[in-house]
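Here are a few notes to read alongside the model.

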Amino acid sequence: PNNGWTETNSEFEYTGTYPASGTKTFLVQYTMHLQFYATGAGAATVALVNKITKKPSGSSYADVPGSFEISEVNEYTTGFGAYFHFHSVSGSCIVSVDAGDTIAFNFGTFAWGTYAPVAYATTAGTEGATMTITPIG
């Protein structure tokens, strides 16, 4: 269940009250499947990148240590001047939060050289991005 979390615009704010005070610790697990094509000199070397960021109440976002994950660099076929990609990335990290802190799932692409990625519908049976937040302390 999502007890103690409020989601707004893909940001997850901890609003829980148990325990009554102090820091709470969560295991955050995330997976993303993305299918896209890319053009340009670096189009064959595109990878999918995911990470979790945390914003303490009243502050700004920063990367959560250990949350950065990157897919292997490959494409499954080429044609019409484009490289077609299907990438999956999974990761997990431990996040400590206080009431009012916010976490977010971030993703993007990376390549060696210039490229223009264009996302298109994921293959049937893949769910895009998922994130699970489990209390551990």
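**Notes on the chain**

1. The accessible surface of the protein chain comes to about 7600 Å², and carbon and sulfur atoms hold 55% of that surface. Areas here come from the Shrake-Rupley method with a 1.4 Å probe, and for residues only the protein chains shown count as cover.

2. A word on the basis: this is a predicted model, in which local features need pLDDT of at least 70 and side-chain atom pairs count only at pLDDT 80 or more, while totals for chains, interfaces and linings use all residues. Residues are numbered from 1 along each chain as its sequence is written, and side-chain values use heavy atoms, leaving out hydrogens and water.

3. You will find 11 strands and 0 helices in the protein chain; these are DSSP runs numbered from the N terminus (helices H or I, at least four residues; strands E, at least two). The C-alpha trace spans about 60 × 30 × 20 Å along its principal axes.

4. Of the 137 residues, 31% are buried, meaning under 20% relative accessible area with a 1.4 Å probe, protein chains only.

5. Trp-5 deserves a look: leaving aside residues up to four places away in sequence, Trp-5 touches Phe-12, Glu-13, Tyr-14, Thr-15, Phe-26, Val-97, Ile-103 and Ile-133, where contact means heavy atoms within 4.5 Å.

Definitions and conventions
Buried means under 20% relative accessible area, exposed over 50%, partly exposed in between (1.4 Å probe, protein chains only).
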